[in-house]
Amino acid sequence: MKKETRFEGVFTDITDKGFGVCRHPDGRTAFVADALPDERGTVKVIKEYKSYVIGKLEERTITSPHRIEPDCAVYRRCGGCIYRHLDYGAELEHKRRAVEEQLKRIGGIEIAVPTPISGKDAEYRNKLLLPVGKVNGSLICGFYAPHSHSIIPCEECRLHSPDFAEITAELLKLLQGKSAYDESTGKGLIRHLYLRKNQKGEFCVTVIVNGKRLPSATEIAECLMEAKPAVKSFYVNLNVARTNTVTGPDWIHIRGEKLLEEELCGKRFLMSPAAFFQVNKEMTEKLYAKAAEFADIKAGETVFDMYCGIGTVGLCVCPEDAYLCGVEIVPAAIENARRNAAINGRGEDRVRFFACDAAGL
């Protein structure tokens with residue numbers, strides 16, 4: 001078969017990477033971008049392998065009733081989302097079925113997986129991490145195109161509230177004139193912009209740099225916080241390693257609060273920018289509630305929260321008359337966890353957090 005062979009594809013499934021699945025006439029599986037189950041169309045083969053082919057949909061002859069118009073101008077170029085051309089109900093059903101099939105195929109377990117817990121499908125993320133590049137002498141930021149490190153500028157990501165884009169645009173203006181990190185050479189200063197937001201609408205902003213400092217960091221922080229009062233905290237993170245790891249080990253507090261406060265399941269949590277926190281607050285509360293229901297923790301029992309981060313899971317699901325032991329390798333997160341236990345009235349007689357590697361226990 002020659003690479004540019006065309007055939008009529010009948011799509012029966014969609015992968016976790018968003019590729020429609022059909023069969024090539026010779027029996028091999030074909031993966032085709034922007035195709036949905038129950039659709040048909042002309043497929044052009046653009047790459048072939050021994051057991052499968054990659055195709056491009058040239059013409060759609062039958063359209064799925066679940067297809068919707070993506071609500072993002074750069075959706076088909078950006079690699080951040082993969083299902084915004086599929087309605088939310090169909091997306092949930094696809095994921096439900098995928099879990100059911102994987103349990104059967106890999107785990108040998110036949111179980112009827114229920115409909116997934118649902119929530120908002122837009123403006124739900126409380127964290128934004130953007131790589132920075134330079135085009136025509138100006139700094140840009142955005143998301144990587146699929147299967148590449150080419151940055152696709154995105155003025156307003158639909159997964160975040162509009163204030164993320166407003167703060168990002170202002171910060172990028174303040175950073176103009178500085179160099180952008182180049183992965184191929186390991187040179188350049190600005191690597192990523194990192195924003196985190198709490199339920200009060202307050203932001204912690206971090207600039208991740210390839211160096212020992214961010215020149216004019218204090219002035220940049222003050223100008224940003226004056227222009228955007230929602231920014232309550234400003235950090236610089238130092239990452240000089242030639243690696244895909246986004247953040248380095250050193251966090252330098254420049255201005256504002258050192259910690260943001262968040263509320264989860266009726267509990268208060270203080271978090272540093274280095275600490276892990278779930279990016280979808282609404283769904284996190286629903287999942288924690290379900291976990292607590294399944295666990296049915298009784299008085300006097302001990303709960304082990306491994307890889308506990310700042311202690312959110314354990315403190316949310318462990319009743320006050322049970323014991324909690326949390327383990328996390330990041331010392332800053334453990335410091336946060338201990339403070340979080342204290343501000344929620346949990347004493348060390350029943351709650352302890354330890355900074356060590358959970359994998360080695």
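This is a predicted model: local features need pLDDT of at least 70, side-chain atom pairs count only at pLDDT 80 or more; totals for chains, interfaces and linings use all residues.
Two strands count as paired if DSSP finds at least two bridges between them.

**Entry 1**

I looked up β17 and its partner β18. Strand β17 covers residues 323-328 and pairs with β18 in the parallel sense, over five bridges. Across this pairing, V327 stands opposite F354 of β18. Helix α6, residues 331-343, packs on the sheet and touches both β17 and β18. The direction of α6 makes about 170° with that of β18.

Then I took the whole sheet. It is open, has three strands in the order β16-β17-β18, and its pairing is parallel. Which strands are at the edges? They are β16 (302-306) and β18 (351-355), each of which pairs on one side only. On average, neighbouring strands here are turned by 15° against each other, direction ignored.

I counted salt bridges next. The count comes to 25. I picked R67 to follow up.

The side chain of R67 meets that of D34 in a salt bridge, 3.1 Å from N to O. This pair links distant parts of the chain, 33 residues apart. R67 sits in the loop between β6 (52-62) and α1, while D34 sits in the loop between β4 (29-33) and β5 (40-48).

R67 also forms a salt bridge with E39, with the closest N and O atoms 2.8 Å apart. E39 lies in the loop between β4 and β5 and R67 in the loop between β6 and α1, so this bridge ties together parts that are 28 residues apart in sequence.

Are E39 and R67 buried or exposed? Both are buried. For R67 I read a relative accessibility of 17%, so it counts as buried because it falls under the 20% limit. D34 has a relative accessible area of 25% and is therefore partly exposed.

I moved on to E282 and K286. They form a salt bridge, and their closest N and O atoms are 3.4 Å apart. Why are they about one helical turn apart? Because they are four residues apart in helix α4, residues 281-295. E282 is partly exposed at 29% relative accessibility. K286 is partly exposed at 33%.

Back to the shared partners: salt bridges join D34, E39, R60, R67 and R76 into one network.

**Entry 1: Y124**

I checked where Y124 belongs. Its place is in the loop between α1 (88-105) and β7 (127-135). The relative accessibility of Y124 is 25%, so it counts as partly exposed. What does Y124 touch, leaving aside neighbours within four places in sequence? The contacts are L159, V279, N280 and K281. I also took its separation from A230. Y124 and A230 are 106 residues apart in sequence and 18 Å apart in space, C-alpha to C-alpha.

**Entry 2: a nonpolar surface patch**

Last, I looked at the surface. V99, L103, I109 and I111 form a nonpolar patch there. Together they have about 310 Å² of accessible area. I followed up one member, I111. I111 is found in the loop between α1 and β7. With a relative accessible area of 45%, I111 is partly exposed.

How values were computed
Residues are numbered from 1 along each chain as its sequence is written. Side-chain values use heavy atoms; hydrogens and water are left out. Helices (H or I, at least four residues) and strands (E, at least two) are DSSP runs, numbered from the N terminus. Buried means under 20% relative accessible area, exposed over 50%, partly exposed in between (1.4 Å probe, protein chains only). Contact means heavy atoms within 4.5 Å. Patches are made of residues with over 30% relative accessible area and no salt bridge: like charges are joined within 9 Å, nonpolar side chains (Val, Leu, Ile, Met, Phe, Trp, Tyr) within 5 Å. Accessible areas come from the Shrake-Rupley method with a 1.4 Å probe; for residues, only the protein chains shown count as cover. A salt bridge is a side-chain nitrogen of Lys or Arg within 4 Å of a carboxyl oxygen of Asp or Glu. Axes are lines fitted to C-alpha atoms, for helices over the stretch in contact, and angles run from 0 to 180 degrees between N-to-C directions.
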